[in-house]
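Work through the following exercises with the sequence and the structure at hand, and try each task before reading its solution.

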Amino acid sequence: MPNATYVAEEAADGFSLPSVVLWPSANFPKELTTLLTPSLDIWPNTNGWMDKTAFKKYTLTVLLPAIIDRRKRILKETHRCLLLLDSHSSRADPAIWRQFKEAEIDVVTFVPHTTHISQPLDRGVFAVLKSELSNNYSSPSSTSSSSKRTAVADVLPQALHTAFTPSVIKKAFINSGVLSNGSGSVLMKLPQSSQCFIPSHFHCFDFFGKEITKEKLLDEWDEHLEKYKMRIEENVENEKDIVEKELPLEKKVKS
């Protein structure tokens with residue numbers, strides 16, 4: 001069965017924010033209708049993986065409003081919030097983080113290759129979810145895609161209910177070192193910054209393991225992207241010049 005991505009955001013107090021499943025299909029599969037709830041939506045997606053378009057839609061239409069609403073309910077509107085995030089390439093859009101900055105939400109990214117140590121979802125919630133799905137999913141007798149989707153829809157609700165309980169979420173935040181339990185052992189497992197491999201993509205801008213809602217970093221990011229765009233445009237023009245020079249004389253005359 002093709003890949004699907006479960007997009008989840010959890011709060012340190014055990015509260016679950018609205019989630020989305022990116023399903024690899026051009027249209028909404030009718031077999032998954034039973035999964036739809038006010039806190040879970042399913043979005044048809046080209047390949048089921050998170051990309052910049054899906055991430056921007058999720059952060060600005062689901063996550064940001066949910067955080068603001070949650071803050072109003074439990075805190076004063078003037079209180080700040082903290083969002084912890086991995087450094088996936090889909091996050092490389094400074095325009096998104098300017099909106100979070102304006103909403104008084106600080107965003108910090110994890111250093112690459114450390115989420116298995118310091119990201120709460122990876123340290124507990126997803127492990128429970130995968131275990132529940134593995135133990136309860138039964139391959140249907142039919143090999144049709146429809147039968148497989150139905151089988152997933154049958155086991156996913158209970159698996160989500162078990163994995164995303166407040167106690168599991170809170171424990172995951174403690175296990176990751178985000179919430180203190182009186183021990184620094186988790187943070188001691190993190191590699192030194194010099195030992196971390198920094199990916200060479202994302203247009204080569206380093207936003208890894210940093211607070212990406214700081215004005216100075218956002219300005220540098222915008223400037224970097226503008227220079228990158230100019231280099232691309234210059235390369236395109238140079239390639240056009242090279243092609244023009246290499247065209248045979250008769251083709252130049254005809255053109």
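**Exercise 1.** Decide whether Arg 98 is buried, partly exposed or exposed.

*Solution.* Buried means under 20% relative accessible area, exposed means over 50%, and partly exposed lies in between (1.4 Å probe, protein chains only). Arg 98 has a relative accessible area of 22%, so Arg 98 is partly exposed. This is a predicted model, in which local features need pLDDT of at least 70 and side-chain atom pairs count only at pLDDT 80 or more, while totals for chains, interfaces and linings use all residues. Residues are numbered from 1 along each chain as its sequence is written, and side-chain values use heavy atoms, with hydrogens and water left out.

**Exercise 2.** Find which side chain meets that of Arg 98 in a salt bridge, and state which helices the pair ties together.

*Solution.* A salt bridge is a side-chain nitrogen of Lys or Arg within 4 Å of a carboxyl oxygen of Asp or Glu. The side chain of Arg 98 meets that of Asp 219 at 2.7 Å, N to O. Arg 98 lies in helix α2 (residues 94-102) and Asp 219 in helix α8 (residues 215-246), so the pair ties together parts that are 121 residues apart in sequence; helices here are DSSP runs (H or I, at least four residues), numbered from the N terminus.

**Exercise 3.** Describe the salt bridge between Glu 215 and Lys 101.

*Solution.* The two side chains of Glu 215 and Lys 101 meet at 3.2 Å, N to O. Because Glu 215 lies in helix α8 and Lys 101 in helix α2, this pair ties together parts that are 114 residues apart in sequence.

Conventions
Helix = DSSP H or I, 4+ residues; strand = E, 2+ residues; numbered from the N terminus.
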